[in-house]
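Hi,

Here is the structure I promised to pass on. Please open it alongside this note.

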There are 2 protein chains.
Amino acid sequence: MQNFIKYLKTKANIAESEFQLLIKKVEIRNIEKGQVLLGPGEICKHSFFVEKGLLRSYTIDNSGKEHILQFGSENWIVSDRSSTFFNEPSDLSIDAIEDTQVVLISSEFINEASEISSSFRNYNQIALQNHIRHQQKRINLLLSATAETRYMNFITLYPDLTLRVPQWMIASYLGITPESLSRVRKELALKNFKPN
Amino acid sequence: MQNFIKYLKTKANIAESEFQLLIKKVEIRNIEKGQVLLGPGEICKHSFFVEKGLLRSYTIDNSGKEHILQFGSENWIVSDRSSTFFNEPSDLSIDAIEDTQVVLISSEFINEASEISSSFRNYNQIALQNHIRHQQKRINLLLSATAETRYMNFITLYPDLTLRVPQWMIASYLGITPESLSRVRKELALKNFKPN
DNA sequence: CGCGTGATTGAAACCCTTCAAGTTTAGTGG
DNA sequence: CCACTAAACTTGAAGGGTTTCAATCACGCG
């Protein structure tokens, strides 16, 4: 759990004394590729810190199609914040795209950390605000941009994910079909567009 | 500022003693229809509580098209949270759809209220989480639903706004053209769909 | 009354989807 | 390690939904 420790110490700025108390509260779990961490209708009891590997969260619509809300690779946290916070059934699923090692963060962990550390409270506040900012940008993109623009935005924002995530999942994240993404990529290749 | 007072006392659960201190810190402003409260590139110094009237926040893309992110009628707060929190230039605009009376809420107000009242901190936390939940639902809709479904969702969620907001702005909120929305409505009328 | 803004309608164009087939890639068991 | 199979990706053609552009209609306000 090297990454998680580093994460707590640097991002959340947890002091050594507080740190020892907190670190006991978390649990590590190894997940195989394809394994489901949260199913629709369940209450999301944990946030998942990705120590190594790759997760995704997604919804399934009436016609059975998946729509990916988030990818999470190393040092990202994947969760359904609403479900956790309001203690209500989630309408999304979380599963592993690669074999993954996660750190389970419970609500109790968040609460205790918030109580004993003002820097953790601060960090948590920033995390929420970041989440809102990120979602707002995505909404704006979905409202205003074509498939091609959205894809270019994706590969510049997440060059690492572009290589690790199957194409059809990227398509799902962008809100288009795999076929469309394939054609978009072909177009970009013709125009001599290169990632990186 | 009846609405704002009620809002503070009930939603944020501010006690009478704390209340007197806080209420002095806010400012009231009357805005004419069409007047701009926040322009692109500015830092969003205030959140706007709508005492009476109707605001919207929106972006303007490269081709000059507007994309509406949020409407706010009575008892709603319109703002660019990211810009306020991170003290960075906003890429959105806020203006008045109707003659509007707003209560200006500064960052200092938020900070002071957070310091003196735990119930305010609590309320603020809930507000952030609500915002995230709401945005997540909207992203999911944009990823998965047709224009017709998105419109039906809108009129059931916001029946009051449906009457007060010009149709072309609803179209902008939904991510479609005014012409398309007009045709969607025609289709729904044929199918005998009635709001309410 | 006349002007301007918003809503509607039509026709053509465009983007994206769907369905179907083919190709490539990756994983699995012999 | 190869052969087989399933999954992922590509490609084509047809269709659907949405946009664009242009014209018309409806309405409120000066």
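Below is what I found, by topic.

First, a caveat: this is a predicted model.

**Chains A and B**

A rotation of 180° superposes chain B on chain A, with 0.0 Å of shift along the axis. The RMSD is 0.0 Å. That is the relation of a two-fold axis. Of the interface residues of chain B, 100% are also interface residues in chain A, so the copies meet through the same surface.

**Around DNA strand D**

There are 15 residues around DNA strand D. Those that come nearest are Gln167(A) and Ser182(A) from chain A, with Ala147(B), Ile176(B) and Ser180(B) from chain B. Three helices each supply at least two residues of this surface: H8 (167–174) and H9 (178–190) of chain A, and H9 (178–190) of chain B. The largest share comes from H9(A), with six residues. By class, the surface near DNA strand D has five nonpolar, five polar and five charged residues.

**Strand S4 of chain A**

S4(A) covers residues 55–60 and is mostly covered, with five of its six residues buried. It pairs with two strands. S5(A), residues 66–72, is antiparallel to S4(A) over six bridges. Here Arg56(A) has Phe71(A) as its bridge partner. Five residues lie between the strands of this hairpin, where Gly64(A) takes a positive phi near 85°. S7(A), residues 93–96, also runs antiparallel to S4(A), joined by four bridges. In that pairing Leu55(A) stands opposite Ala96(A).

Best wishes

Key: Residues numbered from 1 in each chain as written. Chains lettered and ligands numbered in written order. Predicted model: local features only at pLDDT ≥ 70, side-chain atom pairs only at ≥ 80, totals over all residues. Near = placed C-beta within 6 Å. Nonpolar A, V, L, I, M, F, W, Y, C, P; charged D, E, K, R; others polar. Least-squares fit on C-alpha atoms with pLDDT ≥ 70 in both. Contact = placed C-beta atoms within 7 Å. Buried ≥ 20, exposed ≤ 12 C-beta atoms within 10 Å, placed from the backbone. Pairing = 2+ DSSP bridges.
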